[in-house]
Every structure is written in structure tokens, then in C-alpha cells.
Amino acid sequence: MNLLSATAIELAQAYRARTLSPVEATKAILEAIPDFDSLNAFCHLSPEQALSAARASEQRYNAGAPLSGLDGVPIGIKDLIVTKGMPTRRGSLTTSADDPCDADAPAVARLREAGAVILGKTTTPEFGWKGITDSALTGTTRNPWKPTHTPGGSSGGSAVQVACGLGPISIGTDGAGSIRIPSSFSGVFGHKASYGRVPAWPASQVGTLANIGPMTRTVADAALTLSIISKWDARDWNALPQQEMNWADLPGTGLKGLRIAYSPDLGFGGVDPGVAALVKAAVEKMAELGAHVTEINPPIGDMNDTIDVLWQSGCAYGQRNMTEAQLNVLEPGLRQAADRGRAYTLPQYLKAVEERSAFGARMREFHTDWDLLVLPTMPGTAFEVNQLGPKQADGSIGSAWRIWNPFCYLFNLTMQPAASLPCGFTAKGLPVGLQVVGRMHDDLTVLRACAALEPHVSPLKLAPRPN
């Protein structure tokens, strides 16, 4: 077995069969990580902590008593998520490496209870504020398929970790596409769950826009992970009641009979022809597999000002207690976003909340007719590193993330579940993602559809080792 290409489910099967031990798997991944250092997936590793967890897992398997299907499986955690015994730097010079957390976030706590092996923290831009992954603290994270390009962000380190096989699972966050952008750009599967499905603590600075979810190379691994990290936690007052279902078995139930709305571009235009062709081919395969597919645009409207007010106000809130010294080392774009956030009036903020509510209601009504909405995750593919957006036709850089990322943040506003499923590579060798959006709270149908489509459009591929 190639331990880097093995899925979480395959690792657990090998553990149970005694053909592999959690210690062997963990050692193999830890030994491989330096070969990928140029891609900058991890900002912190805890080898001794990981090996200690792996040894405890090995003893449980020897006793025939593993804790879960993730017992002994190596996992990365995005460095916005607090993890006991490890620093949470959030990609920022305003934080300290000498301040390890004394508690686990709910998702991390559930993973530890399940026996998972926490390898360390994955890279993120400063406070996850942008759709690429670089920072003054941790440097530039690079696309595993084309290292001159970005993996996306802000869960870029997690995407690189998974794409390269440095642990089959990573836990990311998504406040405006931060799981789905890098999943699309880096060729992995990422699931932004329904808001409240995965309990979160401490609360994000952008409040109910933010979500936590799994990033994997297979839908089945994501479903298994979600079954564990979605367990209820009292620290999150928005946490949904636990759904007593076997998430890992449900995705294989197929596409037959599902009512699917297909939108090539939400009426916005601007989708790269290579991306459009791959997405259309994936949608046509959904129809062949028994789904009822109709091309239609949902009632979106112009939500640009709405997301700006809510997001930038969150940035301002996140900086409210910073000293002048801390503010002076913030990335200028993040500080400017907060400056704009502080300038909004209360009526402007409340208007944005009202607009968000109305949009959410429109989408809930839309989903009375449609089980799923499918569309491109991103209108284009990964662009060069160290720039805030792709080059425009006139040679300028499209730095406003909501302009080059028009399809993801909408479903943070509505709180719906949305996943990015790899659906092929362009002629230039860059991955493309299909976004599958479900009605609120119906994560299972999203996973079901992705699992049924996956073998037809998303063959399991491992990114190459850097030269």
C-alpha cells in the first residue's frame, strides 16, 4: 500500500486487518512531509504528539477496540482552529508562538475522542482574510499541480496537505469560500456544511458566515469525518441537534430521481471555457445517472454590497482590541478592510442583515422545487502566487476576491451546505471543481450526489512530488 495515496477508510481497514499499524502510517507521512516543504502546507508540526497518539491507537487495534473509523488516521488542522498544546498563530505576526492553546475547538475535540492522529497545523493567510494563502508569518503556499500558482485560500495549506497525501484528511474553515476555493484550485473534495452542523468555538470574527468542514480526496472520507466532527457541543449556541444517521453509508445511494438545477454561471458570465466544458460534462453525467437536470438560474440578485458590509465589519470587530503595534504589522489589505468596516453605519449594517435574510428566504423557496443546485465552484483556475487575484484582460490584477470568487460566498450568506467536487483538469493541467449546493440542513443529499458522481468525473489522483 502506498501510504500517501491511501484514503482514511483504507488506512483503517489495514489497521483492522493488522497489515499496517497507525505508527507505521504516521511515521511514513511525517517522513514524507519534508519532501513537500517547498509547497508550504504545514506551519506547525507536532511529531511527538502525533506518534504518541498513534501508539495509543495501535494498542486499541491490538486489543480489537478501535474508537471509530478514524482511529489512527493522520489529520491536519487549519491554523485558525484552536488545538490544545499547539500554537494557533492564524497566519499573523500579531500572535505569539509561546502561547499554546489550553483547549481544543469542538471539531478537534471530537477527532481526538475518535482516536485520530493530529499531525499539526496547516497554513492560512492572516486571519483567513483572503482567497490565496500567503502571509508575512508563514510565507507563500503553492499549488501542488503547478507550484508557480496559488492553491487558493484561505484553507490553502489544508488543500495542499490532502492533495499531496500528507494525511488523507484536513479540517478547514469557510467564511466566503475558504474550503471550496482551494478545493477547486487544488483538486480535492471540500464540504462546507450547513451552518451549525459542525460546532465552532471560539466564534469567528465574521460570525454566522463562517463554517468548519472536512477536506479530503474522497467523498466517503469526508462523510466519515463529518459524522464525527458534527457531534453536538454546548460551547456553540448555534450547534444543530445531533443527526443520528450513518453519514458514511448514505452517499452511495445514487442520483436517480434527484431534481437538479444547473446554472452555468448564475447569469453573471465570465466563466473560463475550459472550466465551463468540464462542469457541463459532469452535469450531463448526473443526468445519465438518473437525475432530472434543468438549466436555470436561481434568484440571486446583487449581493456584493451585502457581503462587503458583513465581512468588513467582521474584520473591524476582529481588530477591536489590537494595540497600535499589532495593527502596524497587519497586512495592509486586512487593515484597510477593517477601516472600511468601521466606517459603516448601523443602518447600513442592519440593511445588509435584512438583505441577507431576504436572499436566504429566496433560496429556501427555490429549493422547494430543486433538491440541488450545481454550478462551477470557481469561474477560473488557479492563478500565479503572491497576487490577490487573477490577471484581467487589460493586464491588471483583479484583487477584490468577491469579483473573481462570485459563486462561493453566496452560500455563506444563505448558510446552505455546499461542496466542491473535482471534475477534471484543464488543458493546462489545472484542477476544476463542480460546486454542489443543497437545501439548508440537507448535507446528506449533497454528499450522496457527490459520491455517486465521483467515480465518473473525479478519479483519485495524488499530486506529484515537487522537483
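**View 1. Ile 260 and its bridge partner Leu 372 of β11.** In this predicted model, local features need pLDDT of at least 70, side-chain atom pairs count only at pLDDT 80 or more, and totals for chains, interfaces and linings use all residues. Residues are numbered from 1 along each chain as its sequence is written, and side-chain values use heavy atoms, with hydrogens and water left out. Strands β9 (residues 259–262) and β11 (residues 372–376) pair in the parallel sense over three bridges. Two strands pair if DSSP finds at least two bridges between them; helices (H or I, at least four residues) and strands (E, at least two) are DSSP runs, numbered from the N terminus.

**View 2. The open sheet of eleven strands.** The strand order is β1-β3-β2-β6-β8-β7-β12-β13-β11-β9-β10, with mixed pairing. Strands β1 and β10 (292–295) form the edges, each pairing on one side only.

**View 3. Helix α5 (residues 156–163), enclosed by the rest of the structure.** Just after α5, Gly 165 takes a positive phi of about 80 degrees.

**View 4. Helix α7 (residues 219–229), mostly covered.** Ten of the eleven residues of α7 are buried, including Val 219, Asp 221 and Ile 229.

**View 5. Leu 346 in helix α12 (residues 346–366).** Leu 346 has 59% relative accessibility and therefore counts as exposed, a term for values over 50%.

Note on methods:
Buried < 20%, exposed > 50% of the residue type's maximum accessible area, 1.4 Å probe, protein only.
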